[in-house]
Amino acid sequence: MNDPLIKQLSAFGLNQLEAEVYIDLLKNDESTGYAIGKRLGKATANVYKAIEALSLMGAIQISEEGKSKLCQAVPPDLFVDQLQNSFEQRKASLLTSLKSIAVEEESNEKIYRVDSVDLILQKAKMMLENCQRIAVIYAFPTALNLLKSEIKEAIERNVQIIIQAYAPCDISGATVTRPAMRTWCSSTWRTRSPPRPR
């Protein structure tokens, strides 16, 4: 039942055992590394390595009072905030490093293929944010919905927005058109206007 949680934690840099140890501590409060290993069926030495890694990333705290070291999970909201802060720092550092070696982008009219849907949407949002006069958008309903907030912000900046939509679309301030529909008839293409909504 913890598999989805383990996958989510793995996406933030924890390995499987580290994720299992953190989840175990959330469920059992204070524990020794030995007790955690016994519950998880893992070698104690590996569990202690995971504990050390989790401590360094701020996921657990360790009490050294008495003979045994007791581990306790840091509350999820604090831990996730630390992960976010760490990510933002690494992101800023990486961006600075990449920009320092990247050649200056020149504008051109070549056509490029982009296979990542997320990258396409990010690029479209960036273009809308930087647009100053007019934007022409050809988009299917799902993509259009994902760009609505950026479109509205552009309209508020007095950018002229022209949308060719493939489904009914109501964005105040935008000029919306519908493409002609094509039907196959008698071995030739015949173009007709889309039916008017009732």
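A residue is called buried when its relative accessible area is under 20%, exposed when that area is over 50%, and partly exposed in between. In this predicted model, both Y22 and F79 are buried by that criterion, and these two residues also form one of the two aromatic pairs that were counted. The rings of Y22 and F79 lie 4.8 Å from centre to centre with 50° between their planes, an arrangement classed as tilted. Y22 belongs to helix α2, whereas F79 belongs to helix α5 (residues 76–101), so the pair ties together parts of the chain that are 57 residues apart in sequence.

The other aromatic pair involves F140 and Y166. Planes under 30 degrees apart count as stacked, and because the planes of F140 and Y166 stand at 25°, with the ring centres 4.3 Å apart, this pair is stacked. The pair also links distant parts of the chain, 26 residues apart, since F140 sits in the loop between β3 (134–139) and α7 (141–146), while Y166 sits in the loop between β4 (160–165) and β5 (175–177). With regard to accessibility, F140 has a relative accessible area of 56% and is therefore exposed, whereas Y166, at 34% relative accessibility, counts as partly exposed.

The packing of helices was examined next. Two packed helices are described by the angle between their axes and by the distance between those axes. Helix α2 (residues 16–28), which carries Y22, packs against helix α3 (residues 33–40) at an angle of about 105°, with the two axes 10 Å apart. An angle from 65 to 115 degrees counts as roughly perpendicular, and α2 is therefore described as roughly perpendicular to α3. On the side of α2, the contact is made by L17, E20, V21, D24, L25 and N28, and on the side of α3 by I36, R39 and L40. When these residues are sorted by class, the contact of α2 with α3 contains five nonpolar, one polar and three charged residues.

Helix α3 also packs against helix α4 (residues 44–56), here at an angle of about 115° and with the axes 9 Å apart. The crossing of α3 and α4 is right-handed. The residues that make this contact are G33, Y34, I36 and G37 of α3, together with T44, V47, Y48 and I51 of α4. By class, the contact of α3 with α4 comprises five nonpolar and three polar residues, with no charged residues.

Terms used. Residues are numbered from 1 along each chain as its sequence is written. This is a predicted model: local features need pLDDT of at least 70, side-chain atom pairs count only at pLDDT 80 or more; totals for chains, interfaces and linings use all residues. Side-chain values use heavy atoms; hydrogens and water are left out. Axes are lines fitted to C-alpha atoms, for helices over the stretch in contact, and angles run from 0 to 180 degrees between N-to-C directions. Helices (H or I, at least four residues) and strands (E, at least two) are DSSP runs, numbered from the N terminus. Angles under 35 degrees count as roughly parallel, over 145 as roughly antiparallel, 65 to 115 as roughly perpendicular and the rest as oblique. Contact means heavy atoms within 4.5 Å. Ala, Val, Leu, Ile, Met, Phe, Trp, Tyr, Cys and Pro count as nonpolar, Asp, Glu, Lys and Arg as charged, and the others, Gly among them, as polar. Rings of Phe, Tyr and Trp (its six-membered ring) pair if their centres lie within 6.5 Å; planes under 30 degrees apart count as stacked, over 60 as edge-to-face and the rest as tilted. Buried means under 20% relative accessible area, exposed over 50%, partly exposed in between (1.4 Å probe, protein chains only). A crossing is left-handed if the near helix is turned anticlockwise from the far one by less than a right angle, and right-handed if clockwise.
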